[in-house]
Amino acid sequence: MTRIAIIGGGISGLAAAFEAEQRRRAGADLQYTVYESSSRLGGVLRTEFIDGCFVEGGPDSFITEKPWAADLCRSLGIGDQLIGSNDSDRKTYILTRGRLVEMPDGLMFMVPTKILPTGLSPLFSWGTKIRMAKELFHPPRAVDHDEPVADFVDRHYGREMVDRLADPLLSGIYGGESDRLSVRAVLQRFAEMERMHGSLGRAMLAARRKMRSGPRRAAPPLFTSLKNGMRSLPETVVTQLNPVWLLTNTAVTSIQRSSEGWMVFSSAQPEHFDAVVVALPRKAAASVLHDTSAELATELAAIQYTSSVTVGIGYNHEVRRSLPPGFGFLVPRREGKRLLAATFVHNKFPQRAPEDRALLRCAFAGNNAEQVWDLSEGQIVDVVRQELQEILGTHIVGLRHEPLFARVYKWKSAMAQYGVGHLEQLKRIEDLRKQVPGLALAGNGYGGIGVPDCVRSGREAVKELLA
């Protein structure tokens with residue numbers, strides 16, 4: 001019998017356990033044990049049902065384009081619970097000089113694909129609009145080194161585009177700053193466009209023409225979630241696993257190679273295994289692996305993580321009626337706010353709230369999260385309420401009143417930062433890992449930060465070990 005230890009009970013570890021369980025049911029002679037240091041499985045996937053609303057503590061959805069999370073849902077038998085974002089109401093606003101300005105139609109991340117809406121938009125100065133026009137004539141460029149996203153965007157469209165779009169958009173995804181994030185790791189597709197076409201605008205227009213020439217299909221929703229909240233995913237996975245093999249409140253202190261495989265030392269008794277999946281944030285993974293490979297542990301510890309704070313806040317129909325249409329707004333750092341973004345959840349996923357409720361999801365990340373981290377939950381809610389009034393305008397009278405409810409969720413060092421040189425670092429980590437037989441790594445610190453990427457990394461880790 002092959003015994004696999006899975007260290008970490010977040011969605012990466014649970015996906016690894018599900019893959020092992022599927023193999024076991026198909027006839028493989030194996031057993032797995034999941035170690036989770038906290039009292040609950042599922043990591044940052046957490047949903048609460050409050051006053052008729054589904055309030056997400058962690059991610060509220062995942063990118064539809066990446067199939068692995070949705071595929072897992074279908075394998076679990078909950079494919080019928082998948083819901084798409086309400087893209088007919090998909091507008092996003094950027095706070096610019098104290099007022100909300102709608103992102104123009106046809107803007108693909110930061111690349112304009114429609115001339116008229118971009119040309120008429122007050123989001124950009126005339127200087128930036130002229131840069132956009134000139135960008136169409138950029139020749140192909142082969143860059144032989146990694147660079148920050150900010151430098152890449154600045155080269156194409158100027159610093160205003162970095163500050164008003166690239167930085168707030170990436171802050172919402174990675175909780176980091178464009179001056180530090182790697183263009184090859186974070187915007188790999190755009191780096192390839194520059195290499196092939198030079199101009200990102202020309203590359204995007206060529207891609208759109210190619211899509212139009214193919215068979216016409218309805219565009220899928222940009223985001224996908226689950227009818228009863230993201231918690232449905234880990235909770236359903238757990239129902240498919242042997243509960244005897246799920247150890248909560250059990251912290252692993254170290255793992256060591258032995259003549260017969262691995263010894264896992266935890267707050268429970270030491271156990272022998274044939275293989276190990278380490279599905280932990282990289283700092284925790286480094287600590288666990290230090291006795292196995294100090295060199296690998298050093299590489300893992302070098303990755304930086306940032307924290308995030310999410311606030312779910314509910315208001316009555318008066319606020320809902322007064323809010324602008326769309327998915328919400330982003331706040332560039334230069335606006336001097338602590339809040340980085342707010343989602344109008346009742347618009348993005350109408351199933352999340354009754355028709356007489358406004359459900360907002362407000363986010364702090366990176367340095368902004370550190371600014372409020374030591375505040376009490378009540379003080380954090382006060383910051384949110386004050387800045388919502390400043391951003392949305394005092395004419396929304398209901399925002400001055402006490403909200404129907406508010407929940408604060410803190411996630412310490414939860415968001416991996418893919419800094420410049422990240423792909424080269426991954427190569428070093430993979431080379432070192434291959435020197436340790438029976439070891440696999442999973443989680444958001446490697447090849448993608450979203451839920452689908454975590455699911456993929458967990459399942460592939462088990463596949464590799466059993467191969």
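Predicted model: local features only at pLDDT ≥ 70, side-chain atom pairs only at ≥ 80, totals over all residues.
Trainee: Why is Asn316 called partly exposed?

Mentor: Its relative accessibility is 26%. Buried means under 20%, and exposed means over 50%. The value for Asn316 lies in between, so the residue counts as partly exposed.

Trainee: Where is Asn316 found?

Mentor: Asn316 sits in the loop between β17 (305-315) and α13 (317-322).

Trainee: Which residues does Asn316 touch, leaving out those up to four places away in sequence?

Mentor: Asn316 touches Asp356, Ala358 and Leu404. Take Ala358. Asn316 and Ala358 are 42 residues apart in sequence, but 5.9 Å apart in space, C-alpha to C-alpha.

Trainee: What makes β17 a mostly covered strand?

Mentor: Count its residues. Eleven of its eleven residues are buried. Tyr305, Ser307, Val309, Val311, Ile313 and Tyr315 point one way. Thr306, Ser308, Thr310, Gly312 and Gly314 point the other way. Residues on both sides are buried.

Trainee: How do you know that β17 pairs with β21?

Mentor: Two strands pair if there are at least two bridges between them. Nine bridges join β17 to β21 (residues 405-416), so the pair qualifies. The two strands run antiparallel. Val309 of β17 stands opposite Lys410 in β21.

Trainee: What about β17 and β20?

Mentor: Use the same test. β17 and β20 (residues 358-365) share eight bridges, so they pair as well. The sense is antiparallel. Tyr315 stands opposite Ala358 in β20.

Trainee: What holds paired strands together in general?

Mentor: Strands of a sheet pair through backbone hydrogen bonds.

Trainee: Why are β5 and β6 called edge strands?

Mentor: Look at the order first. Three strands form an open sheet, β5-β11-β6, with antiparallel pairing. β5 (62-63) and β6 (82-84) each pair on one side only. That is what makes them the edges.

Trainee: How many bridges join β5 to β11?

Mentor: Two bridges join β5 to β11 (residues 223-226). The cut-off is at least two, so β5 and β11 count as paired. Ile63 has Phe223 of β11 as its bridge partner.

Trainee: How far is the sulfur of Cys454 from the closest cysteine sulfur?

Mentor: It is 14 Å from the sulfur in Cys73, which is too far for a bond. The structure holds zero disulfides.

Trainee: Is Cys454 buried or exposed?

Mentor: Cys454 has 8% relative accessibility. That is under 20%, so Cys454 counts as buried.

Trainee: And why is Ser171 called buried?

Mentor: Ser171 has 3% relative accessibility, under the 20% cut-off, so it is buried. Ser171 lies in helix α6 (residues 159-174). Leaving aside neighbours within four places in sequence, Ser171 contacts Gly176, Arg333, Leu340 and Ala365.

Conventions. Residues numbered from 1 in each chain as written. Heavy atoms only, no water. Helix = DSSP H or I, 4+ residues; strand = E, 2+ residues; numbered from the N terminus. Buried < 20%, exposed > 50% of the residue type's maximum accessible area, 1.4 Å probe, protein only. Contact = heavy atoms within 4.5 Å. Disulfide = S-S within 2.5 Å.
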